[in-house]
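Try each task before you read its solution.

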Amino acid sequence: MKISVRTRGAPFVFDCAEGEKILQAGLRAGVGLPYECGSGTCGTCKAEMGEGEIDEGWAEAPGRTYVKSEKSEFLMCQASPRRDCTIGVRSKVEALPHEVPVPDAVGGRIKKVEPLTHDVCQVEVSIDKPLSFNAGQFMLVGAPAVAGQRAYSMAHYAATTGSLTFVIKQVPDGGFTDWLFAADRSGTELELFGPLGVATYAPALPNNLVCIAGGSGLAPMLSILDHAIQVGHFDTYTGDLFFGVRTERDIYLLDQLKEFAGKAPEKLAITVVLSDSPPTAGLAQAHPELRFDEGFVHESTMRHMAGRWENVMAYLAGPPPMVDATLRALVMEAKLTPTAIRYDKFS
Amino acid sequence: MSWQQVCTTGDVDEDELEEFEVGEITVLVANAGGEFFAYPPFCPHQETPLSLGMIDGDTLTCIKHLWQWNLKTGEMRDIAECPLLLYDVKVEDGAVLVNLAKELKYDYQ
């Protein structure tokens with residue numbers, strides 16, 4: 001079916017298969033339609049229906065609170081066409097830039113699920129065709145037993161790979177994570193789409209890196225640091241990772257963090273920040289390669305980065321209150337300009 | 001309606017933003033270093049409430065995508081793609097008066 005999109009700039013036309021989401025069909029065709037989460041939460045991909053007919057998809061998508069049905073608005077990430085459609089998007093839409101990998105649908109299979117903490121696991125997925133992505137990007141991941149797809153960041157970097165690793169946190173009443181954590185899901189077939197997201201690292205970046213993560217927001221930072229270490233970014237620039245969790249039992253992948261720190265000694269500093277209880281003396285003794293701090297992750301970042309905000313590119317990911325508090329600190333205290341801050345706003 | 005009292009100067013702390021209802025119209029008032037300005041309540045980008053925004057000197061920043069403006073003129077700064085609309089404001093005897101002859105709206109509304 002044919003989708004014609006009116007935008008604030010040039011119009012676009014692309015094909016959309018039956019049952020395919022309009023957002024995914026557009027992105028797959030290289031049309032830079034607006035989106036952030038791609039999974040029904042943020043409301044960024046809302047569009048206005050003109051001619052045609054759609055199936056609006058996931059009825060409980062949280063992002064529906066942003067759409068005005070009296071204006072015939074809908075979420076492109078959830079909707080599929082029933083016939084040819086003309087829709088309107090209220091933003092400047094451009095073709096995807098050449099340096100961005102064009103996202104596509106890809107089948108996959110869960111290879112291994114490994115618990116990292118009481119509510120976080122690492123999931124390894126083999127995919128049917130090799131994928132190229134930029135460090136910091138994410139995939140939409142769906143399982144046949146669960147409605148809708150969820151967004152998970154790759155927690156590693158490889159130029160092209162047939163295997164993806166995600167870090168997934170169990171969320172209360174989360175359809176996908178309830179399913180994932182309920183039994184051993186190894187061997188289950190998945191439907192994925194991506195890569196997506198603009199909070200990415202490229203080796204030519206001439207900046208010191210500051211990565212600020214809360215909870216499972218560590219995943220994209222692992223990808224960024226993995227790539228930066230591979231290309232020797234820290235031969236020239238400094239790196240600081242601040243990883244915030246509630247308590248000691250919520251910390252994960254310490255060995256990988258230590259390995260990263262060991263690959264760029266003196267240049268890459270990694271700080272684990274506990275918000276609900278002070279780190280024990282034993283923790284710091286057992287892991288001398290890392291720094292441990294107490295408080296909110298944005299507060300720790302401000303303390304340790306004081307006087308070092310020149311020439312920084314800041315990356316952040318985590319739960320919405322953590323992201324907002326960190327954005328506030330980066331703008332108001334660190335005085336970073338918006339172009340020096342990269343994140344994907346999921347809410 | 002034209003000039004309406006929206007709040008008093010004491011209702012908005014320095015370098016803060018507060019929303020007020022005047023009849024059917026919601027107005028966002030900024031106190032920037034003791035000077036008062038008034039806007040529609042949303043970011044011109046995606047209807048994010050600008051009451052969650054940040055004031056630093058004469059720069060207003062929306063928390064969602066960090067669009068920035070000169071808060072005195074509405075002029076775009078950095079990555080913003082649309083200017084900010086401003087109401088005329090005057091302060092008389094501690095009352096913040098805003099000219100609401102016409103409600104200002106962005107084209108997504």
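**Exercise 1. In which order do the three strands of the open sheet in chain B lie, and how are they paired?**

Solution. Strands are DSSP runs of E, at least two residues long, numbered from the N terminus. Two strands pair if DSSP finds at least two bridges between them. On that basis, the order in chain B is 2-3-4, and the pairing is antiparallel. Strand 2 (16-22) and strand 4 (35-39) of chain B are the edges; each has a single partner strand, so one side of each lacks a neighbour in the sheet. From one strand to the next, the twist averages 30 degrees (axes are lines fitted to C-alpha atoms; angles run from 0 to 180 degrees between N-to-C directions).

This is a predicted model: local features need pLDDT of at least 70, side-chain atom pairs count only at pLDDT 80 or more, and totals for chains, interfaces and linings use all residues. Residues are numbered from 1 along each chain as its sequence is written, while chains are lettered from A and ligands numbered from 1 in the order in which they are written.

**Exercise 2. How many bridges join strand 2 of chain B to strand 3 of chain B?**

Solution. Seven bridges join strand 2 to strand 3 (residues 25-32) of chain B. The two strands run antiparallel. Within this pairing, E18(B) stands opposite V29(B) in strand 3 of chain B.

**Exercise 3. How many residues does each chain give to the contact between chain B and chain A?**

Solution. Count residues whose C-beta atoms, placed from the backbone, lie within 7 Å. Chain B gives 12 residues and chain A gives 12 residues.

Notes: Two residues are in contact if their C-beta atoms, placed from the backbone, lie within 7 Å. Helices (H or I, at least four residues) and strands (E, at least two) are DSSP runs, numbered from the N terminus.
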